[in-house]
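Let us walk through this structure, one spot at a time. Keep the sequence and the 3D view side by side.

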Amino acid sequence: MFGITRLSGFFSAAMFVIVLIILSPSFQSEAIRSSHRFSFRKALPFRNAHECAWVSAQTKVCDPSLVHVAITLDVEYLRGSIAAVHSILRHALCPENVFFHFLVSDTNLQALVESTFPHLKFNVYYFDPNTVSHLISSSVRQALEQPLNYARNYLADLLESCVERVIYLDSDLVVVDDVAKLWSASLGSRAIGAPEYCHANFTKYFTAGFWSEPSLAGTFAQRRACYFNTGVMVMDLVKWRKEGYTRKIERWMEIQKSDRIYELGSLPPFLLVFAGHVAPIEHRWNQHGLGGDNVKGSCRGLHPGPVSLLHWSGSGKPWLRLHSKRPCPLDSLWAPFDLYAHSPF
């Protein structure tokens, strides 16, 4: 009986480990790689409403009637990225006027996009991990240390010079409103716009050492610095290029390497450069935090108010929780946009 109990305990522990491995994004991405193919269902055709500005299938990236959206594509978050694109097309009044800019470190994903969205207007931009890898510090979550997570810092360099404005979106979200409304947000004199959260405890995003050093903490003097989430931003690339914001962000990353002034990935350098200088956008455009915290990824509910975009920031991702048969209630709002058609398990 004792032997059976021990054996049962062994299998329970083993199964627990297997479940943890299967739930990990790295295991899923490796399984997808080993399958030698990705399998996503082809999206239904999308067409402009009659009141939309006319564009042809051959419309080029510099056409002024286009809405520009940038998003990363990588193996671990590919299922989320495809769902995000699908959600934008499903809710746009003029989906044929949306031009996507895909940032990749793996150049083999273009054919997948073309097969899933045959009529999509898009370009693919290779982001060399070596551009930023020497500047990345360890973070509270390994996913936040991936070089592609920092590609948003270089959009002004990567995209064509004729692209003067772009919406940057994370891969773990879905848009449930017309993206053209977000595109038309007024930035005034600011280089970026985003929903701000001034009630958040801003001090927690930096170390005690940062706040105790006047030359560092003084960065926020004379600024009403508020937290904002960099997973949803409208960016004025003309102002960005003129002010050299990429280099300003890199400078803070260099300071971080030597002085360890924050713990959380790519967000703090943006706060250091832009907090207090952000054009406010309605909160409806980033109902964030649905992935829970950065450790446990527990279930969360919606913030009060209208919703135009649902964002699973945090460690819990809806495609992993749905795959594990242990979804959170709000994951059902992501599922209708999932085009993933093949499970490697």
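Gln287 touches Leu302, His303, Pro304, Gly305, Pro306, Val307, Leu309, Leu310 and His311, leaving aside residues up to four places away in sequence. Touching, or contact, means heavy atoms within 4.5 Å. This is a predicted model: local features need pLDDT of at least 70, side-chain atom pairs count only at pLDDT 80 or more, and totals for chains, interfaces and linings use all residues. Residues are numbered from 1 along each chain as its sequence is written, and side-chain values use heavy atoms, with hydrogens and water left out.

Where does Gln287 lie? Its place is the loop between β10 (279-280) and β11 (309-311). Strands are DSSP runs of E, at least two residues, and helices are runs of H or I, at least four, numbered from the N terminus. Gln287 is buried, with a relative accessible area of 3%. Buried means under 20%, exposed over 50%, and partly exposed in between, with a 1.4 Å probe and protein chains only.

Now turn to Ala53. The loop between α2 (25-34) and β1 (67-73) holds Ala53. Ala53 is partly exposed, at a relative accessible area of 42%. Its contacts are Asn48, Ser65 and Asn97, again not counting residues up to four places away in sequence. Asn97 is 44 residues from Ala53 along the chain, yet their C-alpha atoms are separated by 7.8 Å.
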